[in-house]
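Have a look at the model first, then read on.

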Amino acid sequence: MLLHLSTWAEVEDFLKRSKTVVIPIGSNEQHGPTGLLGTDWLCPEIIAHEAQRQGDILVGPTFNVGMAQHHLGFPGTVSLRPSTFILAIGDWVRSLAGHGFDKIYFLNGHGGNVATIEAAFSELYAEASYMGRPRNFSLKLKNWWDLKGVMGLANRQFPTGHGSHATPSEIAVTQWGYPDSIKSANYAPQIAPTGPIRESVDFRARYPDGRMGSDPAQATPEKGGELVKQAAESLLADVADFSNEQAPGLKAAE
Ligand code: NI
């Protein structure tokens with residue numbers, strides 16, 4: 001079930017059978033000469049939307065802008081600074097928790113978001129801790145490539161040139177989801193360089209076409225479909241585990 005295609009009454013009904021919601025979260029940032037700017041939010045969205053076709057989960061609107069300051073040297077990148085991102089995640093969670101969702105699962109598509117999302121979770125938990133009260137929600141962050149079986153499959157599909165940005169696995173997922181938007185280019189070098197991530201001018205000087213360590217020419221929609229199938233199946237299992245998880249001795253929120 002997709003929240004944005006539901007009515008408030010349907011969401012109210014859903015809350016009678018589950019208090020868990022999945023939020024795809026990513027970033028709108030350059031992904032090399034052939035990767036779509038939306039890659040990092042499209043991947044978790046494609047996977048979560050596929051999962052809700054197979055199981056009874058609720059998927060919320062995609063949080064499609066993240067912490068991507070290092071990509072701002074490339075046109076089309078839109079970034080929140082970490083402090084803004086923390087505040088926005090906080091209000092997103094408070095909105096949903098206020099309606100009774102007590103398990104909020106963020107399926108992430110951008111490595112650069114991880115530190116800030118974790119900091120946002122700590123800020124939210126701290127609100128309860130300083131009051132000495134139990135919180136009325138639990139939060140979980142999972143990167144889609146960390147879902148069970150996904151990285152193993154990607155390693156078998158792309159034994160060399162996977163890299164860490166504009167990877168063939170993420171580009172394959174978007175090719176499966178959006179076959180009319182597949183791009184091509186001549187990559188030089190075939191496998192991009194690797195190194196540190198700092199500010200945007202440094203990033204563009206080190207990685208002139210935007211890739212890091214990757215050879216996205218290996219991506220195909222078929223490989224993307226295999227990744228989506230594995231990820232969607234593992235997501236349903238992981239969301240079920242999260243829904244059932246409860247601190248020993250802690251009463252469920254009324
Ligand atoms: Ni990416």
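Going along the chain, the donors of the nickel ion are spaced as H-x8-D-x129-E. D40 belongs to helix α2 (residues 39-54) and E170 to helix α6 (residues 168-177), so this pair ties together parts that sit 130 residues apart in sequence. Keep in mind that this is a predicted model.

As for the atoms doing the work, H31 coordinates the nickel ion through NE2, D40 through OD and E170 through OE, at 1.9 to 2.1 Å. D40 and E170 are both buried.

## A buried aspartate without a partner

Now for D215, which you'll find in the loop between α7 (200-206) and α8 (221-244). D215 is buried, yet has no salt bridge. The nearest side chain of opposite charge belongs to R211, and that is 5.1 Å away; a salt bridge would need the nitrogen and carboxyl oxygen within 4 Å.

So what does D215 touch? Leaving aside residues up to four places away in sequence, the contacts are G161, P168, Y187, Q190 and I191.

Definitions and conventions. Residues numbered from 1 in each chain as written. Predicted model: local features only at pLDDT ≥ 70, side-chain atom pairs only at ≥ 80, totals over all residues. Heavy atoms only, no water. Donors = N, O, S within 2.8 Å, 3.2 Å for Na, K, Ca; no water. Helix = DSSP H or I, 4+ residues; strand = E, 2+ residues; numbered from the N terminus. Buried < 20%, exposed > 50% of the residue type's maximum accessible area, 1.4 Å probe, protein only. Lys, Arg positive; Asp, Glu negative; His and termini not counted. Contact = heavy atoms within 4.5 Å.
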